Amino acid sequence: MLANSLEERERERRLVGTRLATAALFVLLGLGVILFQLYRLQLEYHDHFAALSTENRVKIQPVPPSRGLIFDSRGVLLADNHPSFSLMITIEKVGDLATTIEALKGLITIQDSDLARFERLKRKRMRFQPIPIRQNLTPEEVARFAVDSYRFPGVEVQAELIRSYPQGPLTAHVLGYVGRINEEDLKRIDKSNYAGTNFIGKGGVELAHEDVLHGRVGYQQVEVNARGRILRTLASTPPIPGQDLYLYLDVRLQQAASEALGANRGAIVAIDPRTGGVLAMVSQPTFDPNPFVEGISQTDYQTLLNAPDRPLYNRAIRGQYPPGSTIKPFIGLGGLALGFITTRKTVYCPGYFSLPGQTHRFRCWRRGGHGTVDLELGIVQSCDVYFYALANQMGVDKLHEFLSEFGFGRRTGVDIAGELAGLLPSRAWKEGVRKQTWYPGETLIMGIGQGYFLATPMQLAAATAALANKGRFIQPRLAYARRVPGAVTATVFPMVSRQIQIPNPGDWDIIIDAMAKVVESPKGTAKHIHSPDYRIAGKTGTSQVFTIGQKERYEAAKVPMHLRDHALFIAFAPVEDPRIAVAVLVENGGSGGATAAPIARRLIDAYLGGSPLTHSGETAGGD
Amino acid sequence: MPIWVAVRSLTRVKQPVAINPLSGCTDWSVEPPQGGWLSRLHLDAPLLIGLLALCGFSLVVIYSAGDREWAMVERQLARQTLALALMLAIAQIHPLQLKRWSLALYGLGVLMLVAVLAIGDIGKGAQRWLDFGFIRFQPSEILKLVVPMTTAWALARRPLPPRLPDILLVGILTLVPAALIAKQPDLGTALLVASAGILVLFIAGVRWRLIIGLLGFLVALAPLVWGHLQDYQRARILTFLNPQSDPLGSGYHIIQSQIAIGSGGLSGKGWLHGTQSHLEFLPERHTDFIFAVIGEEFGFTGILALMALYLFVIGRGLMIAARAQDTYERLLAGSLTLVFFVYLFVNTGMVSGLLPVVGVPLPLISYGGTSMVTLMAGFGMLMAIETRRSRRYQDV
């Protein structure tokens with residue numbers, strides 16, 4: 001029994017011992033499997049997982065550059081940046097947008113207008129682009145949100161630099177404005193450079209000089225935790241801030257131009273003929289660009305868009321008007337230069353002109369006629385018949401060729417976005433676009449700046465400046481120089497100019513003298529703007545909005561306002577050493593001499609410091 | 001702990017059964033303890049050193065995984081002290097006493113499991129806790145000890161290898177609590193409890209045919225289990241099969257864990273320098289996924305060292321089992337040691353992506369007291385077994 005028990009116990013001990021040894025083998029096998037897996041993870045695929053780990057924690061963050069400021073020629077700030085706190089929502093990171101917004105309303109005032117803007121921006125946004133639900137948060141609101149921010153993933157307070165335009169409507173058509181980047185903007189920009197940037201130039205100088213003003217985006221490598229919170233910066237490439245722009249524009253002159261134009265619809269462009277710099281550029285009526293920056297409400301935008309006098313319409317560079325008689329000095333110069341006329345050549349003006357063998361009468365603005373007219377009188381009195389005859393002599397091809405020299409029919413290339421080219425008609429244009437042949441009668445009315453001929457005030461001012469410069473055509477421009485913020489020196493933008501060649505340079509003086517007499521001669525169409533302080537050379541113009549019949553007589557009072565003639569005036573002063581060239585256009589303003597010329601005089605006074613025009617009530621002068 | 005309270009006065013019970021007829025001494029509980037003070041305290045020096053090393057390492061890793069929060073280290077140290085005290089207390093209980101109490105404790109444990117299902121607290125969607133007002137604990141933890149004790153008791157009554165009736169008895173004794181625990185639901189603990197019973201059968205020498213048959217039976221049972229799983233448990237298994245299917249949802253744990261381990265490389269990113277853990281990409285980093293922190297900060301080298309330490313503890317446990325004096329002790333010691341290994345295997349397998357995610361902590365390292373106290377109690381039993389071994393009996 002005892003031995004049996006002992007044997008039994010020994011056998012059991014052996015059995016269990018074997019099983020425990022087997023178990024030990026299983027343990028070793030199990031640990032081997034685990035260690036093999038770890039070997040694979042830690043040694044074989046280490047690089048892969050190391051990369052994933054870095055990807056997890058290191059994020060590249062764009063640091064947007066601050067936008068360059070814009071100053072006028074005297075250093076007056078025209079476009080500023082001011083910091084503003086906005087409550088931004090990244091829709092892709094928010095679970096339930098409606099609930100989130102409801103919850104936010106409990107913390108921060110969100111008005112219907114904010115929601116409307118949010119909805120609008122939402123439609124146009126890029127993926128993962130944060131869009132503001134509230135702007136201009138007060139410090140209290142920022143603090144209140146900060147306390148509860150953990151409840152709102154995807155919502156954050158962002159300090160943005162918001163553009164503002166201290167001069168408001170006065171510079172709106174010149175500067176344009178910036179707005180939030182939308183899908184359309186994305187198509188034309190380098191997306192990587194705009195990572196982190198919220199605003200982009202939408203028009204005017206802001207758009208034309210976008211590359212200078214924007215700068216280059218910077219980057220920082222940041223370490224983030226699993227919730228995306230930034231813990232520290234590992235490395236950074238600072239952004240290159242946008243450069244400040246200095247314009248030729250003089251805000252005081254701009255103000256004077258705006259006041260001179262008054263309640264009229266129209267445009268004024270003043271250029272320094274020596275530099276091509278735009279001293280003033282006004283398009284009236286205008287608008288306040290500031291609401292556009294933060295996203296103007298739909299109703300306000302519709303109101304502006306549908307207003308009958310079209311305040312958003314930039315008449316100075318997009319308004320295309322028949323230049324009327326203001327074109328006559330250029331055609332006269334062409335006649336001289338190409339040898340069609342001399343100063344002694346005369347034309348008899350009976351009050352109308354007819355082509356040989358035709359009965360149609362092309363009328364002169366003065367029904368009684370000017371009698372015998374030479375080039376000087378033709379310009380001083382703005383005799384249509386003289387220029388009918390000259391245009392007829394030159395023909396459309398020569399006219400087109402010569403006027404092209406002065407930039408008509410082409411964009412001037414001024415650094416304001418959205419400029420239109422006007423229209424300098426030609427045989428080829430009419431055959432190509434209108435599918436019609438060119439009629440001789442069309443050459444005649446082209447000679448007085450009517451018909452198909454269209455020019456923008458900017459083109460007229462540039463051409464006038466070229467005249468003042470005796471043929472040196474300088475591309476007009478707003479920006480004078482750009483400066484890296486804080487730098488001592490600025491970089492001046494290059495001047496682009498070319499010389500209009502004519503065989504006898506004395507011809508310039510002939511035309512300039514004639515234009516001076518428009519103001520100085522007792523017979524001149526703008527004689528009432530004569531200044532005792534300096535000499536002005538100018539040319540009046542009246543451009544027809546609609547054509548009157550052969551037997552009818554144009555009477556302003558009988559014509560609806562929007563069909564009345566546009567009043568134009570081009571001028572430069574002082575005649576001996578021109579420092580300012582001006583083109584004035586008053587929509588439906590009537591006669592150029594009566595309406596546009598005094599406006600130009602006031603502007604020139606403001607610039608050259610002349611004594612003001614006293615007898616502005618006089619409506620003398622024709623055309 | 002109730003067990004400890006209950007048996008405190010019984011540690012020096014007289015043992016009237018003449019198990020050792022050669023000794024001529026029927027009361028060997030009074031046999032004077034030999035060796036140094038460790039032996040007098042019924043502690044096994046190699047095992048104790050291994051456990052203390054693991055506990056120390058645990059504090060080092062928790063300090064890092066818990067973002068240098070000293071309070072966490074202190075809390076864990078307090079738990080470790082409590083667990084070691086319990087181990088010391090249990091080491092004083094004579095194994096025969098354990099054997100005698102097995103069935104009663106088993107009954108108590110199963111009753112408490114039923115109570116948990118009836119009235120227990122709900123935490124994380126599962127009823128696991130019993131709240132006695134002054135103390136809250138998981139009865140399922142007791143079962144981790146009681147099931148090996150009871151099954152060992154059941155098999156030790158007759159010569160090994162066990163016959164079919166005993167195998168069936170063990171099967172029932174194991175599956176009843178395992179099923180109750182699985183119903184809480186706590187799949188991880190149920191798995192550990194079930195494995196304790198199965199391991200006892202294995203050590204007891206059940207024929208391979210039967211073991212393979214049993215495994216086959218369990219595999220056949222799988223579809224049935226699947227039907228009773230909670231949604232989150234099913235998601236875990238599906239995620240395990242393809243973690244990339246939901247990289248931000250349920251697959252996130254395992255992906256981030258693998259990134260943490262893999263990016264550790266050979267030598268690791270250094271203590272306190274694990275980016276995955278410190279930047280909170282790694283979830284549950286101081287509890288179930290602490291192994292990933294070790295892998296990230298100490299690299300393959302650190303993992304090898306840790307595994308060597310574990311192997312030492314397991315090896316010592318198996319040695320104690322092999323050298324134990326009677327069948328009950330051998331089965332109990334073997335089962336407890338191998339359950340410890342199952343802990344290790346399931347946790348490291350899950351963290352490294354070899355097994356689906358089940359809530360099993362890394363034994364003695366993970367932050368938290370529940371499993372550690374149970375494990376230490378088990379090691380207390382091992383020490384009790386080792387230190388009661390009669391020297392006169394050694395060369396039998």
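Me: Is Asp67(B) buried, partly exposed or exposed?
Reply: This is a predicted model, and in it Asp67(B) counts as partly exposed, because 13 C-beta neighbours lie inside 10 Å.

Me: Where does Asp67(B) lie, and what is its phi?
Reply: Asp67(B) lies in the loop between α3 (45-65) and α4 of chain B. Its phi is positive, about 60 degrees, although Asp67(B) is not a glycine. Most residues other than glycine have a negative phi.

Me: And Leu364(B), what is its phi?
Reply: Leu364(B) also is not a glycine, and it has a positive phi of about 70 degrees. The residue is found in the loop between α14 (327-351) and α15 of chain B.

Me: Buried or exposed, that Leu364(B)?
Reply: Leu364(B) is buried, because 26 other C-beta atoms lie within 10 Å; the cut-off for buried is 20 or more.

Me: You mentioned α4 and α15 of chain B. At what angle do their axes cross?
Reply: The axes of α4 (residues 70-91) and α15 (residues 370-387) of chain B cross at roughly 30 degrees and come within 7 Å. Angles under 35 degrees count as roughly parallel, so α4(B) and α15(B) are roughly parallel to each other. The crossing of α4(B) past α15(B) is right-handed.

Me: Which residues make the contact?
Reply: On α4(B), they include Leu82(B), Leu86(B), Met87(B) and Ile90(B). On α15(B), Met372(B), Val373(B), Met376(B) and Phe379(B) are among them.

Me: How many of the contact residues are nonpolar, polar and charged?
Reply: The residues of the contact of α4(B) with α15(B) divide into 17 nonpolar, 3 polar and 1 charged.

Me: How many bridges join β1(A) to β9?
Reply: There are 6 bridges between β1(A) and β9 (residues 218-224) of chain A, and the two strands run antiparallel. Val58(A) stands opposite Glu223(A) in β9(A).

Me: Next, the prolines. What kind of peptide bond joins Gln284(A) and Pro285(A)?
Reply: That bond is cis, with omega about -5 degrees. Pro285(A) has its place in the loop between β14 (277-284) and α11 (290-293) of chain A. Most peptide bonds are trans.

Me: What about the bond from Ala573(A) to Pro574(A)?
Reply: The bond from Ala573(A) to Pro574(A) is cis, with omega near -15 degrees. Pro574(A) is placed in the loop between β24 (566-573) and β25 (580-586) of chain A.

Me: How far apart are Ile110(A) and Gln135(A) in space?
Reply: Ile110(A) and Gln135(A) are 9.7 Å apart, C-alpha to C-alpha, and 25 residues apart in sequence.

Me: And why is Ile110(A) partly exposed?
Reply: Ile110(A) is partly exposed because 17 other C-beta atoms lie within 10 Å; a residue counts as buried at 20 or more and exposed at 12 or fewer.

Conventions. Residues numbered from 1 in each chain as written. Chains lettered and ligands numbered in written order. Predicted model: local features only at pLDDT ≥ 70, side-chain atom pairs only at ≥ 80, totals over all residues. Pairing = 2+ DSSP bridges. Helix = DSSP H or I, 4+ residues; strand = E, 2+ residues; numbered from the N terminus. Axes fitted to C-alpha atoms, helices over the stretch in contact; angles between N-to-C directions. Parallel < 35°, antiparallel > 145°, perpendicular 65-115°, else oblique. Left-handed = near helix turned anticlockwise from the far one by under 90°. Contact = placed C-beta atoms within 7 Å. Nonpolar A, V, L, I, M, F, W, Y, C, P; charged D, E, K, R; others polar.
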